[in-house]
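These are my notebook entries on a structure that is new to me. I shall record what I looked up, entry by entry.

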Amino acid sequence: MGDRSGQAFNISDLREAARRNLPRGLYEFVARGSEDEVAVRRNRERFDAIAMRPRVLVDVAKRSQETSFFGQKSAMPLAVAPTGAAGLLWFDGEIAVAKAAARAGIPFTLSTASIISMERVAAEAGGRLWFQLYMLPERRMSHQLVARAKAAGYEGLVVTVDTPTTPNREYNRRNGFVLPMRLTRRNMVDVALHPGWFLNVFARYMMRSGIPMLENYPEELRVKLTAKPGEQRGLPKNDSLNWADLRELRKLWDGPLMVKGVLHPDDAAMAADCGADAVIVSNHGGRNLDCSMATIEALPAVVDRVAHRMDVMVDSGFERGSDVVKALALGARGVFVGRAPLWGVSAFGEPGASRALAILREEIDRVMAFAGCPDIASLDRSILHLSPGFGAGQQLAPQPPRLQPVPPVRAA
Ligand SMILES: Cc1cc2nc3c(=O)[nH]c(=O)nc-3n(C[C@H](O)[C@H](O)[C@H](O)COP(=O)(O)O)c2cc1C
């Protein structure tokens, strides 16, 4: 069948096409947030609460959204966010999305929790690759992952710091979509109703190498996605991660080091103190702490505190080019997109992931033209109309530092 991705006119069309393809448990795993999904809604509402005050009669005939990340050119101010499940949405989905990112001229971030190993993605995808690290309970194992990423040629390391415990996603438990996945009547019916997914994704993995696993995990922690309960643990968590760990990672990684999941300006400053090159203002797409603030609202205070020392990136809920332009105008250097390319790949494979990025590209271009901003450098806060309550409560009087000085780094 030919490429039908052009039938999607926006990210929401891709999401709808993905919804039809995927078993409901998988669709909900990607689409939904945690608990009452307040954070997902809040992310959206706060984008919509920002209006634009465009400039007119500016010659915008030649427009460019080219920018740079860590001194290297990027065709768009976007990067693909790490998402553990890409390989379950499409056969070799991580490679498909990484290829789409390479074709679009933007970086792709591979999750620690990917179905395809980091070595295979590096060998087959090409383009600019960053590796996302979830610290494992044993530091030694995490450091081995870092060494593997370095050896495989990953350029950047993204350390995720906003997941000290398992998020409360009740629908996943209801759907049996927990690790290891449980085979229940409900999810067997769900899969039976989506034979296309079963044949094109799951069965192909089974024929190639058996039940899909989280391939980056060290042997002793590997999770077969459908192991029997009790046979294997869920994803290992690390709630003792601290600033000393970040300093240690800084010693191990000489490329760009990004800290993902920061909302508080003090934390951004701490990350800079530890030698990080960037922070990613993120609430994990509204998937972790349901009462967390919207990232577009957290962004300006972080920018004001640290943008002179490090790059500030942002993610969570970006679905329109205008969302991206608003974040850049507030001072972000780049935006990570998670679900948008996932909807594309779930619906149409690699062309679908490319379509998602092309849609965002067109939308960013159009909004820049309307705003009277021919290039990224011309985007600033003057084109935004921020409502009086926007970011309220963030300009608090200076607080005494809550954090103790960072203890000395342990020997590796
Ligand atoms: C299905 C899914 C899996 C994710 N897995 C990871 C992960 O393994 N590591 C991580 O740091 N963030 C993960 N995230 C969060 C994304 O990196 C990113 O912060 C978020 O998706 C951005 O919001 P958006 O999806 O609305 O663009 C995941 C998000 C989704 C939707």
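Which residue in β11 is the bridge partner of Val80? I found that Val337 is the bridge partner of Val80 in β11.

I note that this is a predicted model, in which local features need pLDDT of at least 70, side-chain atom pairs count only at pLDDT 80 or more, and totals for chains, interfaces and linings use all residues. Residues are numbered from 1 along each chain as its sequence is written.

Entry on strand β11. I looked up the pairing of strand β4 (residues 78-80) with β11 and found it parallel, over three bridges. Strand β10 (residues 311-314) also pairs with β11 in the parallel sense, over two bridges, and Met313 stands opposite Gly334 of β11. Strands (E, at least two residues) and helices (H or I, at least four) are DSSP runs, numbered from the N terminus; two strands pair if DSSP finds at least two bridges between them.

I then checked the side chains of β11 (residues 334-337): Gly334 and Phe336 point one way, Val335 and Val337 the other way, and all are buried. Buried means that 20 or more other C-beta atoms, placed from the backbone, lie within 10 Å of the residue's own.

Entry on the ligand. I found 22 residues around the ligand, of which Ala81, Ser111, Gly285, Gly338 and Arg339 come nearest. A residue is near if its C-beta atom, placed from the backbone, lies within 6 Å. The shell divides into seven nonpolar, 11 polar and four charged residues. Ala, Val, Leu, Ile, Met, Phe, Trp, Tyr, Cys and Pro count as nonpolar, Asp, Glu, Lys and Arg as charged, and the others, Gly among them, as polar.

Definitions and conventions: A residue is buried if 20 or more other C-beta atoms lie within 10 Å of its own, exposed if 12 or fewer, and partly exposed in between; C-beta atoms are placed from the backbone.
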